[in-house]
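Here are my notes on this model, for when you have a moment. I'd go through them with the viewer open.

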Amino acid sequence: MLELIGTTVLTAVIAVILNAAITIMPLSPVQKLTTVTITGLWIGLAVALATTGIYAATATPVPVVGIMVALPLLAIGAAAFLSSGVRATLLALPVPLLLGLNALRILPGAFILLLASQGKLSGPFPQSAGWGDIIVGVIAIPLMLAVTRNVAGSRRGLLAWNILGTLDLAEAVVLGVLSAPGSPQQMFGGSVGATAMWSLPWSSVPTLLVPFYFITHGIIFARLLQGERRTDAFAASQARL
């Protein structure tokens, strides 16, 4: 039953994220279609790999899942570095929207804790990842409202939250790697560890949601840096007057 509910909820979360982000992005119809197509192919690949059981193979779960986490980050990072158009498109995503989408982390966090309560996850991974996502998601809600009212006045809080959210994801990835049963890197979790995260529907969390949330944190960091540069430029111009 939990798997059925998880499939429904996580699919809805992914659909909401994609619809919101792509709708808001300042892209032409052709560019939006291209983005949807590429994203759909990536989702299909992630699901197909999960159905083959390759994530759960004793010798390979960490490398394959690691590639699925890292590849979107590298691709988006490289595209943003090389193309001003891509940078402008990503930076056009409103910070309140990114915070609102991060609030959805409450749901996968809750599922991770439920899996742990059923003995399907063990070790420090589910407690850290589950509560971490819930805390980050809950804080994102009032912060989203504060940023909507006053972006400049919320800069410090936004930076602190963004660091917390990034560290939460990084810690979850590390603990997941160290909790993979049969892996040479395993240190925690015994025979259960993070095994449930290598099969559907839960594999969509590390392979699809984690990369997206890393990207949102990167965009927010860039927006904060952009704001600081504008402030410095304004101060310099005032000093010259």
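**Notes on salt bridges, cores and a surface patch**

1. Starting with Lys120: at 32% relative accessibility this residue counts as partly exposed, because that label covers everything between buried (under 20% relative accessible area) and exposed (over 50%), with a 1.4 Å probe and protein chains only. Before going on, some housekeeping: this is a predicted model, so local features need pLDDT of at least 70 and side-chain atom pairs count only at pLDDT 80 or more, while totals for chains, interfaces and linings use all residues. Residues are numbered from 1 along each chain as its sequence is written, and side-chain values use heavy atoms, with hydrogens and water left out.

2. Which residue does Lys120 pair with? Lys120 forms a salt bridge with Glu3, and the closest N and O atoms are 2.9 Å apart. The pair links distant parts of the chain, with Glu3 in helix α1 (residues 2-24) and Lys120 in the loop between α6 (106-117) and α7, 117 residues apart. A salt bridge here is a side-chain nitrogen of Lys or Arg within 4 Å of a carboxyl oxygen of Asp or Glu; helices are DSSP runs (H or I, at least four residues; strands would be E, at least two), numbered from the N terminus. Glu3 counts as partly exposed too, because its relative accessibility is 28%.

3. The structure holds three salt bridges. As background, side chains of opposite charge can pair when their charged atoms come close. Arg105 meets Asp133 in one of the three, the closest N and O atoms being 3.3 Å apart. This pair also links distant parts of the chain: Arg105 is in the loop between α5 (95-103) and α6, whereas Asp133 is in helix α7, 28 residues apart.

4. Arg105 also forms a salt bridge with Asp168, at 2.8 Å, N to O. Asp168 is in helix α8 (residues 155-178), 63 residues from Arg105. So Arg105, Asp133 and Asp168 are linked in a network of salt bridges. Buried or exposed? Both Arg105 and Asp133 are buried. Arg105 has 1% relative accessibility, so it counts as buried, and Asp168 counts as buried because it has 6%.

5. On to the nonpolar cores, meaning sets of buried Ala, Val, Leu, Ile, Met, Phe, Trp, Tyr and Cys residues joined through side-chain atoms within 4.5 Å. The largest has 37 residues, of which Tyr55, Leu121, Phe125, Met197, Trp202 and Leu209 touch the most other members. At least two residues each come from α1, α2 (29-52), α3 (61-82), α6, α7, α8 and α9 (204-240). It is α9 that gives the largest share, seven residues. Another core, of 19 residues, lies apart from it, with Leu27, Leu90, Val95 and Leu158 among its members.

6. Leu27 is 9.9 Å from Gly85, C-alpha to C-alpha, and 58 residues from it in sequence. Gly85 sits in helix α4 (residues 84-91) and counts as partly exposed because its relative accessibility is 38%.

7. Last, the surface. Trp131, Ile135, Ile139 and Leu164 form a nonpolar patch with about 360 Å² of accessible area together. Patches are made of residues with over 30% relative accessible area and no salt bridge; like charges are joined within 9 Å, nonpolar side chains (Val, Leu, Ile, Met, Phe, Trp, Tyr) within 5 Å. Areas come from the Shrake-Rupley method with a 1.4 Å probe, and for residues only the protein chains shown count as cover. Helix α7 (residues 124-149) supplies the largest share, three residues. Ile135 is placed in α7 and, because its relative accessibility is 45%, counts as partly exposed.
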